[in-house]
Amino acid sequence: MTCILAVEDEFHIRLNLQQILELGGYEALVAQDGQEGLEMALKYHPGLIISDIMMPRLDGYGLLEALRQNSRFAHTPVILLTAKADRPDQRKGMELGADDYLTKPFTPPELLAAVEARLQKQAGQQAVQEQQLNEFRDNLSRSLPHELNTPLNSIMSFTRLLLDTPEHWNPEETEDMLNCVYTSAERLHRTLQNFLLYADLEVKMSQGPSSWQRGSLALPLLALQGVAEMRVQAHDRIEDLSIDLPDVLLWMPQYYGQKIVEELVDNAAKFSTPGTPVRVWGEVENDQLWLRVQDWGRGLSPEHIQQVGAYVQFDRRIYEQQGSGLGLAIVQRIVQLLGGSIKIQSPPPAPGSSPNAETDPASTTVTVQLSCYTEPDAAPLEESP
């Protein structure tokens, strides 16, 4: 039985709310003002809260704001009751996180319909979240052990050979094995760093926008060109890279900018054929940067684009690619945290098409939109999310 808390300062309306809810099959709790309602919510954790707006001590807006600041009630449905039908009042409630609005007087069927609609919507959202969590666990259990064990096994095997039989290997063979050890250690380090970064970004997203001092965060976009070159070089594809970045400043930690370029370019080089273009360029309009990374690879289906997330790799059994699937998920989280957007376009290749066209319809293009500035003095002085 769902527990519902009704907060109303008028006795007869409060009693009426309790009776309607109990007749509707719910467990009903009542409070006479917002302060008492907040105390009861913290004590009983109701599944839904109905609150009047005009109340003594703490009004409905204050109650709603206090609830939304508590992570335990971040997703608890709240229905506001008011004698006013003014649009500004409704807008204020919605901005504070109200889920629905009922204007007095209302009928019992109207109240119960609103309650049922909110509870059904919440149940649907919880089902989706549970499915996503299960998929995350499944992807994590399949991909992360492989990404940790494969380079670790390589490190252990080569070092054991060098320790047990050093006299068997000439300098060139020793150097080759040490290079393999270093490459494996670098891959393992990158996997662990991405795992920790993604976890940190998830925490930041749950806490809301972060703040950084602008004065120390002016990141020249041109400084990221070297990051793109290093990632294609790691795949022996430096000749495939074409890069054209505008001279603008981004307001973000340097590491975030590096990760955006690193992950997008790495994916473009990893999942496309050597000898085909990997393009990185940017366009600026009205203090907005559109940073694009384009490759000629096997592409992503619309279904795959919708499923982009942490530890999700597409067709891994077919292609056996390396990686944890964290790259695009990390870019998504960073861009969201910075108030930008990301878009993936990957139309199917046309029959007989060539990868040489500048705007090839079969290419995959990832576009990141972020705020930028052409002059340091043009940047706002307040803190940046």
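Two strands are taken to pair if DSSP finds at least two bridges between them, and helices (H or I, at least four residues) and strands (E, at least two) are DSSP runs, numbered from the N terminus. The structure described here is a predicted model, in which local features need pLDDT of at least 70 and side-chain atom pairs count only at pLDDT 80 or more, whereas totals for chains, interfaces and linings use all residues. Residues are numbered from 1 along each chain as its sequence is written, and side-chain values use heavy atoms, with hydrogens and water left out.

Strand 1 and strand 2 run parallel and are joined by five bridges; in one of these pairings, I4 has A28 of strand 2 as its bridge partner. Together with helix 1 (residues 11-23), these two strands make a right-handed β-α-β unit, where right-handed means that, with the strands pointing away from the viewer, the path from the first strand over the helix to the second runs clockwise.

In helix 2 (residues 34-44), the residues G34, G37, L38, M40 and A41 are buried, that is, under 20% relative accessible area, with exposed meaning over 50% and partly exposed in between (1.4 Å probe, protein chains only). These residues lie on the same side of helix 2, because they cover an arc of only 165° around the axis, the arc being that of the directions from the helix axis to the C-beta atoms. The buried residues of helix 2 pack against strand 1 (3-7), strand 2 (27-31), strand 3 (48-52) and helix 3 (60-68), where contact means heavy atoms within 4.5 Å. Just after helix 2, H45 takes a positive phi of about 50°.

Most residues other than glycine have a negative phi, and most peptide bonds are trans. The peptide bond from K104 to P105 is cis, with omega near -5°, and P105 lies in the loop between strand 5 (100-103) and helix 5 (108-164).

In helix 8 (residues 254-270), V265 is buried, with a relative accessible area of 0%. Leaving aside neighbours within four places in sequence, V265 is in contact with A228, R231, V232, V280 and V293.
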